[in-house]
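Please read it beside the sequence and the model.

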Amino acid sequence: EFRCNLKNGSFAWFSVSWKLVYAADGTWLGVRTSGLDITQKKLQEQELIKREAILTETKQIAKVGRWEWNPQTNEIFFGKQLRIIFEIDNNENISTLSDIEKFIHKDSRDRFKTAIHNAISNFQVKDVELKIVTKNKQTKYVLLRASNNSLTEDRENFIHGTILDITELKKSHELILESENKFKKIFESIQDVYYQTSKDGIITLISPSVVNLLGYTPEEMIGL
């Protein structure tokens with residue numbers, strides 16, 4: 001195969017084969033060649049490579065990976081991105097479901113088993129939150145999806161799905177809750193009356209200390 005620049009400034013790909021030609025007495029006569037224009041095929045291959053690269057980059061940004069498990073043989077396919085999430089070296093053998101289960105935190109192990117069982121029982125499993133402990137002993141949180149809806153006949157009994165790393169989102173949510181709890185404690189303990197109104201002047205929030213000042217509870221004041 002080779003690429004050839006054309007006179008009009010474009011290019012084309014050709015596949016060339018040749019065969020040595022001999023006379024009946026064995027005398028070499030020359031070389032017989034044939035060429036085939038494979039430009040369209042090459043362009044499709046390049047487009048496929050480009051799309052796969054974009055898909056890989058998207059998975060890395062989204063921190064999501066694909067997995068596939070054969071219940072009959074217990075063999076599992078664990079995508080490259082999942083190895084990154086679980087911090088598993090590429091040289092480490094991950095071949096069975098048990099190899100994955102050992103990374104599931106004990107608090108999430110029952111949910112993991114239930115999700116797999118439901119997928120086997122023709123249920124589509126969506127967004128099951130699991131706590132995992134990576135190979136490097138880091139605690140992470142992931143969302144598991146699983147289904148036995150096969151896209152090809154040769155994989156009709158396979159369970160397949162995705163795992164999404166939500167660790168950063170989980171940490172952010174916990175920080176927000178922590179901040180809200182701190183605010184709530186301060187809000188409920190202040191002696192002065194703190195209140196918040198809408199743009200129309202209607203009270204939307206008021207501290208419990210209003211009872212000591214006016215005798216009304218916050219519930220009675222909100223909406224006035």
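Five strands form an open sheet with the order 5-4-8-7-6 and antiparallel pairing. Strands here are DSSP runs of E with at least two residues, helices are runs of H or I with at least four residues, and both are numbered from the N terminus. Two strands count as paired if DSSP finds at least two bridges between them. Strand 5 and strand 6 are the edges of this sheet, each pairing on one side only. On average, neighbouring strands of the sheet are turned by 25° against each other, direction ignored. Angles run from 0 to 180 degrees between N-to-C directions, and axes are lines fitted to C-alpha atoms, for helices over the stretch in contact.

The model is predicted: local features need pLDDT of at least 70, side-chain atom pairs count only at pLDDT 80 or more, and totals for chains, interfaces and linings use all residues. Residues are numbered from 1 along each chain as its sequence is written, and side-chain values use heavy atoms, with hydrogens and water left out.

The antiparallel pairs of strand 7 can be followed on both of its sides. Strand 6 is joined to strand 7 by seven bridges, and Ile132 stands opposite Lys140 in strand 7. These two strands form a hairpin with five residues between them, and Lys137 in the turn has a positive phi of about 65°. Strand 7 is also joined to strand 8, by six antiparallel bridges, with Ala146 opposite Gly161 in strand 8. Seven of the nine residues of strand 7 are buried, so this strand is largely enclosed by the rest of the structure. Buried means under 20% relative accessible area, exposed means over 50%, and partly exposed lies in between (1.4 Å probe, protein chains only).

Strand 4 and strand 5 pair in the antiparallel sense over four bridges; Trp69 has Ile76 in strand 5 as its bridge partner. Helix 4 lies across strand 4, strand 6, strand 7 and strand 8, and runs at about 150° to strand 6.

**The nonpolar core**

A nonpolar core is a set of buried Ala, Val, Leu, Ile, Met, Phe, Trp, Tyr and Cys residues joined through side-chain atoms within 4.5 Å. The largest one has 26 residues, of which Trp67, Phe78, Phe86 and Leu144 touch the most other members. At least two residues each are supplied by strand 4 (64-70), strand 5 (75-78), helix 2, helix 3, helix 4, strand 6, strand 7 and strand 8 (159-165). Leaving aside neighbours within four places in sequence, Phe86 is in contact with Phe78, Phe103, Ile132, Thr134, Lys135 and Ile163. Contact means heavy atoms within 4.5 Å.

Nine bridges join strand 2 (residues 11-22) to the antiparallel strand 3, where Arg32 stands opposite Lys19.

**Salt bridges**

A salt bridge is a side-chain nitrogen of Lys or Arg within 4 Å of a carboxyl oxygen of Asp or Glu. By this rule there are five salt bridges, including those in the table.

| Pair | N to O distance |
|---|---|
| Glu68 and Arg66 | 4.0 Å |
| Glu101 and Lys113 | 3.6 Å |
| Glu92 and Lys135 | 2.7 Å |

Glu92 lies in the loop between helix 2 (80-86) and helix 3 (97-101), and Lys135 in the loop between strand 6 (125-133) and strand 7 (139-147), so the pair ties together parts that are 43 residues apart in sequence. Glu101 in helix 3 and Lys113 in helix 4 (residues 109-120) link distant parts of the chain, twelve residues apart.

How exposed are the partners? Glu68 is buried, with a relative accessible area of 12%, whereas Arg66 is partly exposed at 38%. Lys135 is partly exposed at 40%, and Lys113 is partly exposed at 44%.

**Whole protein**

The protein has seven helices and ten strands. Of its 224 residues, 28% are buried. Among contacts with a separation of 6 or more, residues 24 or more positions apart account for 31%. The protein exposes about 16000 Å², of which carbon and sulfur atoms supply 53%; accessible areas come from the Shrake-Rupley method with a 1.4 Å probe, and for residues only the protein chains shown count as cover.
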